[in-house]
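Please prepare a short report on the model shown below.

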Amino acid sequence: MRELGVELAGLLRAGDLAVLSGPLGAGKTTLVQGIAEGLKVRGPITSPTFVIARVHPSLAGGPALVHADAYRLGGDLEVDDLDLDASLEDSVTVVEWGEGLVEGLTEDRLEIHIQRAEAAGVGEERTVRLSGVGARWEGVV
């Protein structure tokens with residue numbers, strides 16, 4: 001998942017929103033760690049479940065990474081309270097558990113669905129489905 005994140009970072013640019021979904025333990029935070037590595041931002045990258053969102057500034061002059069976790073959010077009003085749209089244009093924003101909550105932030109987004117192997121607990125195999133939404137992602141993914 002980390003290697004995939006590094007590869008995805010090469011596609012991401014300031015203004016991009018990536019929405020991650022998948023069950024607990026699917027590898028969402030590990031994927032974000034790879035994205036952070038590829039974007040060369042300050043870490044450490046840990047699950048923001050309890051702080052909801054963290055900003056990781058660039059160490060290389062690129063965009064910052066805004067890493068948010070919507071798992072504990074109850075709806076659109078709580079998403080609005082995060083004020084993610086304030087930094088959206090200048091940062092790469094990645095939201096774990098954001099499906100159904102953050103799509104209104106922008107017309108363009110990258111949806112990343114992660115599924116663990118069918119045999120629970122067997123190996124590290126994952127299936128990752130990328131879906132680009134909007135003109136930004138036409139022909140990219």
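## The largest pocket

Thirteen residues, 13 in number, line the largest pocket, and L24, G25, K28, T29 and E96 lie nearest its centre. On a 1 Å grid over the protein atoms alone, a pocket is an open set of points where a 1.4 Å probe fits, with protein on both sides within 12 Å along at least five of seven lines; lining residues have an atom within 4 Å of a point. The structure is a predicted model, in which local features need pLDDT of at least 70 and side-chain atom pairs count only at pLDDT 80 or more, while totals for chains, interfaces and linings use all residues. Residues are numbered from 1 along each chain as its sequence is written, and side-chain values use heavy atoms, with hydrogens and water left out.

The volume of the largest pocket is about 160 Å³, a volume being the space filled by probe spheres set on the grid points, which are joined across faces, edges and corners. Helix α2 (residues 28–39) gives the most to the lining, with three residues. By type, the lining comprises four nonpolar, six polar and three charged residues; Ala, Val, Leu, Ile, Met, Phe, Trp, Tyr, Cys and Pro count as nonpolar, Asp, Glu, Lys and Arg as charged, and the others, Gly among them, as polar.

## Overall organisation

The protein has three helices and six strands, arranged along the sequence as α-β-α-β-β-α-β-β-β. Helices (H or I, at least four residues) and strands (E, at least two) are DSSP runs, numbered from the N terminus. Of its 141 residues, 41% count as buried, where buried means under 20% relative accessible area, exposed over 50% and partly exposed in between (1.4 Å probe, protein chains only). Among contacts between residues at least 6 apart in sequence, 61% join residues at least 24 apart; contact means heavy atoms within 4.5 Å.

In helix α1 (residues 2–9), the buried residues are G5, L8 and A9. They share one side of α1 because they cover an arc of only 100° around the axis, the arc being that of the directions from the helix axis to the C-beta atoms. E3 and E7, on the other side of α1, are exposed. The cover over the buried residues of α1 includes α2, β5 (109–116) and β6 (126–133).

G34 belongs to helix α2 and is buried, with a relative accessible area of 0%. Leaving aside neighbours within four places in sequence, G34 is in contact with R2, G5 and V6. G34 and R2 are 32 residues apart in sequence, yet their C-alpha atoms are 4.1 Å apart in space.

In strand β5, E111 counts as buried at 16% relative accessibility. The side chain of E111 makes a polar contact with the side chain of R109 at 2.9 Å; such a contact is a pair of N or O atoms within 3.5 Å, and within protein one must be able to donate a hydrogen and the other to accept it, with residues adjacent in sequence counting only if both atoms are side-chain atoms.

## Backbone features

Most residues other than glycine have a negative phi, and most peptide bonds are trans. The table lists the departures.

| Site | Feature | Value |
|---|---|---|
| G43 and P44 | cis peptide bond | omega about 5° |
| K40 | positive phi | about 60° |
| W97 | positive phi | near 60° |

P44 is in the loop between α2 and β2 (53–56), and K40 is in the loop between α2 and β2. W97 lies in the loop between β4 (91–96) and β5.
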